[in-house]
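Subject: Handover of a structural model

Dear colleague,

Please find below the structure that I am handing over to you. My notes on what was found in it follow directly after.

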Amino acid sequence: MHEVPGASARDLPAPASPEEVAARFGRPVFGLVPQPHVRELDVLSTVATGEELSEVSVSYSFLAEPGDPTDPRNLVPTVRDIDGWLEKAERDGQPEWFVRGLQSMRFPMVWEAVRTTTRVDPWAATTAERLAAHMEHVLLNTADERQRRDDSGIPSLDAGVTAAHALPANVAVDGAERPGIQIDTDATVIGPSASTCGSSRGGALIMRADRGVDPMPFPLVGDPLVDDRRGEPTPGRLIAAIAATALLLWVALTIGGQAAVVLMFGGMVGLAVLAVAVAVACATVAIVLSALTGRRRIGAAIAVTLLAFVATAVGLVGFGSIPMIWVGFELVHLIVAVLSALVLGLFLEPLWLRIVGALSLVALIVAGAVLLAPENAEPEPSPDALQAQVNFEYFIENGTYPMVADLPGATLAGHPATGEFAHTLMITEDGGVLDIVREAATTSNPDITPCWYLIRETLPLEQTDTLADYASWCVKEGDVWRMVDGTGLARMEDGDLIAVRPAFDPDVANVGGSRPANADEIAAAWATLRPMTEAEVRRHVQWPGVE
């Protein structure tokens, strides 16, 4: 030990007591069973992962003759020097914890003999890997004869300890044999280990002989160090923690909801109140979790609080949706608070609580996805579209349906209709395009109207002309007018003109036909004419403004 001029242990903080370390660890800290040859040191070694302890190690003083601590066989070779430092520390009024540390140095130390580790391991180390690392760590720091240094000066063991050295073994824990493992590769140290308590592992490194001292005859792992230390919280305390968190979140969400209303109407006070509600909720939830679970869970408190407020914000965005209207926003605060509190299970040890936490998180995510999913609602039709639909339905009920021909192999190509004019285009099996028309005819000369209709596109005759004026184009056979070349047939029926003729070239091109229909195709169509059925009208007729 080297003295630093002007330095005093009084300037240093006192190390945490075993009880304080155990309370922070939140699990049972294992040590050796009480026995005459060992004395537990009151300073524990710890390793932390973030804010939480992941390892706690207990060291011991060893007394070969426990009946007389002053027996020379109990003391280290440098005891005279240590006694000098001890006398000076007492004379200088150094802190009690410092004096006790010097007193323990008078005896051989079983350094970090028992180590308790959590199962929460970001590197997923196995029990064998942890025990091997523990044993190598102890040997490297205590067995000088096994140290080797390379050119860089970094020490290493002459032969490393690995998980492959672990063999099955029974380990005594709390008076009962448990299946575990043991590493036995060193002349002075043996390492057993076992899983305990369902949430922690206990491992011990026991010296066979300390430079000539007889092997220590005692079980390797034993009871928790201090009986009244807080270990794993009971299921009742865990449920109480979740219930208290749900209540705190519900209150915070209710206040935050009112603040959001103020904010939406332009009040920046609402933003300040919302921020305070979030911060206070995080702090109070963290305090409650620490009190009821025995561990600081600041990260968990922040996570569930932010989750609750985000989930509520999503509910506010989707307030107009059907589920929100049914539930009501006040009840949403309670549902979100409960589900967010249950998500705490992900941060707690019992498997059943982790499952509940995972299911609650999935429920919140699914609900949020449903609320934020874009609605596939059809756009509202325009007034013109509504009127067109009304007109079409009126036509269905009262109109005169278009005509169609039952030609083998023919296909319907187009059916524009307006209520007075029904225009059907059909493509025959050979690619000819027919134009079938049913039109309300208002004329003062119905006898010549059919022929005039058949030829009016090519010869602009007046309806006041006589029958003789049409004789070179049409032939009347009974009540049917026929083009002299057979390329058109027409008749009057109940005031409607019904005609079949070749389609004009633009219509042929529009429907994908090959040519206008010929006389044979027109005659075949005329022979099979019939009105369309209502189903055919709804499926095929192209009514202006109706999809």
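**Ile287 and helix α6**

Ile287 is found in helix α6; helices (H or I, at least four residues) and strands (E, at least two) are DSSP runs, numbered from the N terminus. Ile287 is exposed, at a relative accessible area of 58%. Here buried means under 20% relative accessible area, exposed over 50%, and partly exposed in between (1.4 Å probe, protein chains only). Ala301 lies 14 residues from Ile287 along the chain, and the C-alpha atoms of the two are separated by 8.8 Å.

**Basis of the values**

This is a predicted model, in which local features need pLDDT of at least 70 and side-chain atom pairs count only at pLDDT 80 or more, while totals for chains, interfaces and linings use all residues. Residues are numbered from 1 along each chain as its sequence is written, and side-chain values use heavy atoms, with hydrogens and water left out.

**Overall composition**

The protein chain has 15 helices and 21 strands. Of its 547 residues, 41% count as buried. Among contacts (heavy atoms within 4.5 Å) between residues at least 6 apart in sequence, 60% join residues at least 24 apart.

Strand β3 (residues 52–62) pairs with β4 in the antiparallel sense over six bridges; two strands are said to pair if DSSP finds at least two bridges between them. Within this pairing, Ser57 has Arg115 of β4 as its bridge partner. Strand β4 covers residues 109–118, and eight of its 10 residues are buried, so the strand is largely enclosed by the rest of the structure.

Helix α2 (residues 79–91) consists of 13 residues and reaches 18 Å from its first C-alpha to its last, close to the 18 Å expected at 1.5 Å a residue. That expected span is 1.5 Å times one less than the number of residues in the helix. The buried residues of α2 are Val79, Ile82, Leu86 and Ala89. Seen down the axis of α2, these buried residues fall within an arc of 80°, so they line one face of the helix; the arc is that of the directions from the helix axis to the C-beta atoms. Arg80, Glu87 and Arg91, on the other side of α2, are exposed. Just after α2, Gly93 takes a positive phi of about 70°.

The buried residues of α2 pack against α3 (96–104). In α3, Val99, Leu102 and Ser104 are buried, and the buried residues of α3 pack against β3 and α2.

Leu32 sits in the loop between α1 (18–25) and β1 (38–40). Leu32 is buried, with a relative accessible area of 7%. Leu32 and Ser59 are 27 residues apart in sequence and 9.7 Å apart in space, C-alpha to C-alpha.

**Annotated spans and nonpolar cores**

An unreviewed UniProt entry lists residues 238–265, 271–292, 299–319, 325–348 and 355–373 under "transmembrane region". UniProt positions are given in the numbering used here, feature names are shortened, and annotations may be inferred rather than shown by experiment. In the model, residues 271–292 are 100% helix and 0% strand, with end C-alpha atoms 32 Å apart. Residues 355–373 are 95% helix and 0% strand, and their end C-alpha atoms are 27 Å apart.

A nonpolar core is a set of buried Ala, Val, Leu, Ile, Met, Phe, Trp, Tyr and Cys residues joined through side-chain atoms within 4.5 Å. Of the 29 residues in the largest such core, Leu253, Val285, Leu289, Phe309, Val336 and Leu344 touch the most other members. At least two residues of this core come from each of α5 (235–264), α6 (268–293), α7 (298–317), α9 (329–342) and α10 (351–372). Leaving aside residues up to four places away in sequence, Leu253 touches Ala308, Phe309, Thr312, His333, Val336 and Ala337. A second, separate core of 24 residues includes Met403, Ile436, Ala525 and Val537.

**A hairpin and a loop residue**

Strands β16 (residues 474–477) and β17 (residues 480–483) pair in the antiparallel sense over four bridges, and the bridge partner of Glu477 in β17 is Val480. The two strands form a hairpin with two residues between them, and Gly478 in the turn has a positive phi of about 70°.

Asp494 lies in the loop between β18 (489–493) and β19 (496–502). Although Asp494 is not a glycine, it has a positive phi of about 55°. Asp494 counts as exposed, at 77% relative accessibility.

Yours sincerely
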